[in-house]
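Here are a few notes to go with your first look at this one. Have the viewer open and take the points in order.

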Amino acid sequence: MRYPIVKPETEEKKPGQVDPSFPKEKPVKVSVADILKLESANETMAKAMQSRVALQIAGPLVMEGEHTLLFADTNLGKSIFATQIALAAASGNNCLPDLVNETGPKKVLYLDFELGPQQWGKRYANRDGKTLVESFQWPDNFTRAEIDPQNLPTGNLGKFVLRAIEERIASEGFEFVVVDNLTWLSDDTENGDAAGALMKRFWMLVRELGIAMVTIAHTPKVPSHEPISLNHLAGSKRLSNFADAVFALGRDWRNPDSQVYLKQLKERAAGAKEFGSDNVMVMERTKPGNFLGFEQRHFADEDEICEKPSVEEKRE
């Protein structure tokens, strides 16, 4: 009696699926030492000589290829000034007379975790009674992003938003990014570990994608009439360690209602400090038309700006 020859059943291979009969590749072992890439100092110099020197985007405050940190006390205009810098990056124009832009227009992403459309609109339009009119015309390469609450998954929101930021920057080709502000991504920015991990990721992202980034941070209450230092920055050491440059806005105590001053606290590619404690830039918040921003006024010694008025001055 003959028995039919039965062929062994084979599972149909789906498109893109690896044939299970193929031998599996052995995982490639990578030495931990390979994490460090070694080269001679002369090789490093040769690479540097072939690359273009980093140019200024907003004077020495913001440079190409760097992660910059801006901090200030509440209600001093951090977001207003960061928006002004972002506009300079998008337009290719100077931010202020002494904050020149050496680059051409860049594709800008402004991540706004502070303001809604109405709040934003009031800053960059005129009002006719209860209606906003004559809005400021932004460059087409200036993109603003808000959190979409309907698409927020449950879990660690900060991590999801951070991942969304990374994917958007890479997929859309943004060249200049503002994160406003750090607190939204991490409620615990005063904790060194939490703040450091977040800033480290931004620092790496700048280098991986070759972009420039400005991150805004809050400060605890700065004592009245006290010069600004990195110690006023919440989680100061970890935050500043992963920033290439740091600058701050302080209150001009001679004109506390309308003027602030700008001070550099850390710089790398910019070279020598231009706006140190002996030469801070005094700016005035103005809205002559449909754009709320800062105008450059003069330079001053920080000690004079922070000096408490004498009894005679108070009487006057």
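1. Where is the place of Asn 75? Look in the loop between strand S3 (67-72) and helix H2 (78-91). Keep in mind throughout that this is a predicted model. Asn 75 is worth a click for its backbone: phi is near 65°, a positive value in a residue other than glycine. Its relative accessible area is 63%, so Asn 75 counts as exposed.

2. Glu 134 goes on the list for its backbone too, with a positive phi near 50° in a residue other than glycine. You'll find Glu 134 in the loop between strand S6 (131-133) and strand S7 (142-145). Glu 134 is exposed, since its relative accessible area is 56% and the cut-off for exposed is over 50%.

3. Next, check the peptide bond joining Asp 180 and Asn 181: it is cis, with omega at about 15°. Asn 181 is found in the loop between strand S8 (176-180) and helix H5 (182-185).

4. Now for the rings. The structure holds 14 aromatic pairs. Take Trp 203 and Phe 242: the ring centres are 6.4 Å apart and the planes are at 65°, so this pair is edge-to-face. Trp 203 lies in helix H6 (residues 192-209), while Phe 242 is in the loop between helix H7 (236-241) and strand S10 (245-251), so the pair ties together parts that are 39 residues apart in sequence. Trp 203 is partly exposed, at 27% relative accessibility, and Phe 242 is partly exposed as well, at 22%.

5. Which residues form one aromatic cluster? Select Tyr 110, Trp 120, Tyr 124, Phe 136, Trp 138, Phe 142 and Phe 291, and you have it. While you're there, Trp 120 has a charged neighbour: Arg 144 lies over its face, at 4.8 Å from the ring centre.

6. There's another charge over a ring to look at. The charged end of Lys 107 sits over the ring of Phe 174, 5.4 Å from the ring centre.

7. Val 32, Ile 35, Leu 36 and Leu 38 make a nonpolar surface patch of about 530 Å². Val 32, one of these residues, has its place in the segment before helix H1 (41-50). Is Val 32 buried or exposed? Val 32 counts as exposed because its relative accessibility is 65%, and exposed means over 50%.

Definitions and conventions
Residues are numbered from 1 along each chain as its sequence is written. This is a predicted model: local features need pLDDT of at least 70, side-chain atom pairs count only at pLDDT 80 or more; totals for chains, interfaces and linings use all residues. Side-chain values use heavy atoms; hydrogens and water are left out. Patches are made of residues with over 30% relative accessible area and no salt bridge: like charges are joined within 9 Å, nonpolar side chains (Val, Leu, Ile, Met, Phe, Trp, Tyr) within 5 Å. Accessible areas come from the Shrake-Rupley method with a 1.4 Å probe; for residues, only the protein chains shown count as cover. A salt bridge is a side-chain nitrogen of Lys or Arg within 4 Å of a carboxyl oxygen of Asp or Glu. Helices (H or I, at least four residues) and strands (E, at least two) are DSSP runs, numbered from the N terminus. Buried means under 20% relative accessible area, exposed over 50%, partly exposed in between (1.4 Å probe, protein chains only). Rings of Phe, Tyr and Trp (its six-membered ring) pair if their centres lie within 6.5 Å; planes under 30 degrees apart count as stacked, over 60 as edge-to-face and the rest as tilted. A charge sits over a ring if NZ of Lys or CZ of Arg is within 6 Å of the ring centre and within 35 degrees of the ring normal.
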